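I opened the notebook to record what I looked up, one entry at a time. The sequence and the structure come before the entries.

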Amino acid sequence: MNFDWREMFTVSMVLFAVIDIVGSVPIIVDLRNKLGHIQSEKASIVALIIMVAFLFVGEEILKLIGIDANSFAVAGSFVLFFLALEMILGIRLYKEDNPSTASIVPIAFPIIAGAGTMTTILSLRAEYEKINIIIAIALNVIIVFAVLKSSAKIEKALGVNGLGVIRKVFGVVLLAIAVKLFASNVKQLFL
């Protein structure tokens, strides 16, 4: 296990872009307005556990159920694609049946530790040391926790129009990540 600042920083930035917690602020604010409370601690801890567990056993779980990493990545690209469409077009595709809290679903999974994040973790595992990935995951979860805790302040500072602009901009970024994820993995399905 070799700790490397550069690797940890690179992995942190990649995960930050994929998790896109800043771009998810409008979704979080919307959930908070609907449900009244977001369990920030619970969502952050569950997301951390999901991501670290997937780092170690993700590929084995996929193999066990007969899914290769490329198929998972393509499926993840569709999830990201539809989340991006929600953000850009202002439509609602994800519907929860009578949600009572917003901690595990949809915040911990799929917003924070979704298919795109899982696929990215599997990809990063092939290139970087696990210790650097774990530290990067932990740093991102700290950022996620801070954003979840301060979502009301962020909403107040940015206002409705500011949140709308950020949501659309990050929606386009998420759409680009989805397209890249799809393009880089779909060809592997036919080899």
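In which helix is S44 found? I looked it up and noted helix α3. I also wrote down that I was working with a predicted model.

**Entry on S44**

Next I looked for a polar partner of the S44 side chain. A polar atom of that side chain lies 2.8 Å from the backbone oxygen of S40. I then listed the contacts of S44, leaving aside neighbours within four places in sequence. They are V141, V144, F145 and L148.

**Entry on L62**

I moved to L62, which lies in helix α3, residues 40–64. L62 has 3% relative accessibility, so it counts as buried. With neighbours within four places in sequence left aside, L62 is in contact with F54, I67, A69, F72 and L122. I also checked one pair across the chain. L62 and L163 are 101 residues apart in sequence, and their C-alpha atoms are 37 Å apart in space.

**Entry on α3 and α6**

I wanted two values for each helix pair. Two packed helices are described by the angle between their axes and the distance between the axes. For α3 and α6 I noted an angle of about 80° and axes 9 Å apart. Angles of 65 to 115 degrees count as roughly perpendicular, so α3 and α6 are roughly perpendicular to each other. On the α3 side the contact is made by I50, M51, F54, L55, F56, G58, E59, E60 and L62. On the α6 side I listed T117, M118, I121, L122 and R125. The residues of this contact of α3 with α6 divide into 9 nonpolar, 2 polar and 3 charged.

**Entry on α4 and α6**

I then took helix α4 (residues 69–89) with helix α6 (residues 115–127). Their axes come within 8 Å and cross at roughly 145°. I recorded the crossing of α4 and α6 as left-handed. From α4, the residues A69, F72, A73, G76, V79 and L80 meet A115, G116, M118, T119 and L122 of α6. By class, the contact of α4 with α6 has 8 nonpolar, 3 polar and no charged residues.

**Entry on α1 and α7**

How do the axes of α1 and α7 cross? I found that they come within 8 Å and cross at roughly 45°. That angle makes α1 oblique to α7. The crossing of α1 and α7 is right-handed. In α1 I listed E7, M8, V11, S12, L15, F16 and I19, which meet N132, I133, I135, A136, I137, L139, N140, I143 and V144 in α7. I counted the contact of α1 with α7 by class as 12 nonpolar, 3 polar and 1 charged residues.

**Entry on α5**

Which residues of helix α5 (residues 104–112) are buried? I wrote down P106, I107, A108, I111 and I112. I then looked at what covers them. The cover includes α1 (5–19), α2 (25–35), α3, α6 and α7 (130–149).

**Entry on D20**

My last entry is on D20, which lies in the loop between α1 and α2. Is D20 buried or exposed? Its relative accessible area is 5%, so D20 is buried. I also checked the backbone of D20. Phi is near 50°, a positive value in a residue other than glycine.

How values were computed. Residues numbered from 1 in each chain as written. Predicted model: local features only at pLDDT ≥ 70, side-chain atom pairs only at ≥ 80, totals over all residues. Heavy atoms only, no water. Helix = DSSP H or I, 4+ residues; strand = E, 2+ residues; numbered from the N terminus. Buried < 20%, exposed > 50% of the residue type's maximum accessible area, 1.4 Å probe, protein only. Contact = heavy atoms within 4.5 Å. Axes fitted to C-alpha atoms, helices over the stretch in contact; angles between N-to-C directions. Left-handed = near helix turned anticlockwise from the far one by under 90°. Nonpolar A, V, L, I, M, F, W, Y, C, P; charged D, E, K, R; others polar. Polar contact = N/O pair within 3.5 Å; in protein donor to acceptor, adjacent residues only side chain to side chain. Parallel < 35°, antiparallel > 145°, perpendicular 65-115°, else oblique.
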